[in-house]
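Hi,

Here is the structure I said I'd pass on. Have a look, and my notes on strands and salt bridges follow below.

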Amino acid sequence: MHPRDQTIFALSSGRPPSAIAIVRVSGRSAGAVLASLAGKTPEPRLASRVLLRDSDGQPIDDAVVLWFPGPGSATGEDVAEFHVHGGRAVLAALVAEISVIPNVRAAEPGEFTRRAFENGKLDLTEAEGLDDLIHADTDRQRRQALRQLQGLLGNRARDWRERIIEASALIEAGIDFSDEGDVAGELIAPALQKIDALREEIENVLAAQGKAERLRDGLVVAIAGPPNVGKSTLINQLARRDVAIVSPHAGTTRDVIEVQLDLDGYPVTVIDTAGIRESDDPVEQEGVRRARTRAAEADLVLWLTDAGDDAEGRPVGDTPVWTVRNKIDLDRADLRPAARAAKEPLVGGKVFAISARRGDGLPELVEALVAFASTFFGASEGALVTRARQRDLLQQTAVSLRRCRELVEEGEELAAEELRAASYALGRLLGRVDVEDVLGAIFQKFCIGK
């Protein structure tokens, strides 16, 4: 039997032990699995309490089961769910009993969602939204993913594709069926009107998106500076836990340390790097090299200093750099000149005075980071495009529509080919590519061949 025809099962809840665990079964043998363990097949979509038993009649668990006959299920196939107590022994016994049933196997990663996609329960953009929702770390990521799962982009893409098919049907009908009495001779003008309106709409969507797709990956902020200026103390304060070793000895941090933060719903990755200085130690040299690399790749650099201007080693380039003067709680004479020097930020940058140890100035720094993230991500609320794949395919669609408009004077056949390319790009966006769509529209609207 082909793997796609086999029945699959998996633990669909969190890792054991837990109060309740859910084991889901999907496929043509789901009903047989349910009847074998529960002794009956309950009413569809009604929770039933049963005593699950193994093949020898020994009890496994007192459980709640649910039965969803296809296609009225999440995957479009017959689906059974076992809600059992989440102990490891209970799950091991249940999984062992399901595994011995013929043509039933453990599911591959993402296989339930793939079957839902293949059975038309969701398109590719909605599947991507589900993946983003599962991996969302912040509230803004959750809201964006939920909108995609609910078809924010998919519904628009389906509408765009239908309009392309309508325009293509008009052009191809004029090419192939111009001698038919049911087909009007002047079909190009309304087709071009549809194409122009559609191209403008898609290009406006692309122009308005900004960096909304970056919300999935988050903003990267690198803390850099000379050794022993308090970089590790600062990242511990931002994370509100000890993620980096703090030591009075210079060169303690030799590798890159990362921590994920939620700043007002914005996902931010803060990187603690090795102190940037000249060193004969090959290990520390590698740490400095990595620090420079990550700082260059970051979206924002916080240059930490507590004495002098410390311009040596400061990152240069297009990445914004904020000067952060640390240890303002130390009222030492040798730091007073540094305080005056630190008042002059880099061109286009900002300057902050903090005490990473005591917390002075940190609320202002965090507030500035939130404002930077808000500007960086742009108006992500209601954003249609959340992945580079989606943006690339919409750009391909817009290019094909533009070329169609340019080529129509050279021949309707060339214009029709560009429309097919635009429809194909949107079909790839949705995961639905069907070459029969245009013919179906032609025969339905013009009654050809009757």
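**Strand pairing and salt bridges**

Strand E1 (residues 7–11) runs parallel to strand E6 (residues 104–106), the two pairing over 3 bridges; Thr-7 sits opposite Val-104 in E6. Bear in mind that this is a predicted model. E1 also pairs with strand E2 (residues 18–26), this time in the antiparallel sense and over 4 bridges. Here Ala-10 stands opposite Arg-24 in E2, and E1 and E2 make a hairpin with 6 residues between them.

On to the charged pairs: the count is 25 salt bridges.

- Arg-115 bridges to Glu-111, with the closest N and O atoms 3.6 Å apart. Both are in helix H3 (residues 111–118), 4 residues apart, or about one turn of the helix. Arg-115 is buried at 4% relative accessibility, and Glu-111 is buried too, at 12%. These two also belong to a salt-bridge network with Glu-77 and Arg-105.
- Glu-128 and Arg-389 form a salt bridge, closest N and O atoms 2.6 Å apart. Glu-128 is in helix H4 (residues 124–134) and Arg-389 in helix H12 (residues 388–407), so the pair ties together parts 261 residues apart in sequence. Glu-128 is buried at 10%, whereas Arg-389 is partly exposed at 27%.
- Asp-264 and Arg-140 meet at 3.6 Å, N to O. Asp-264 is exposed at 52%, while Arg-140 is buried at 18%.

Cheers

Notes: Residues are numbered from 1 along each chain as its sequence is written. This is a predicted model: local features need pLDDT of at least 70, side-chain atom pairs count only at pLDDT 80 or more; totals for chains, interfaces and linings use all residues. Side-chain values use heavy atoms; hydrogens and water are left out. Two strands pair if DSSP finds at least two bridges between them. A salt bridge is a side-chain nitrogen of Lys or Arg within 4 Å of a carboxyl oxygen of Asp or Glu. Buried means under 20% relative accessible area, exposed over 50%, partly exposed in between (1.4 Å probe, protein chains only).
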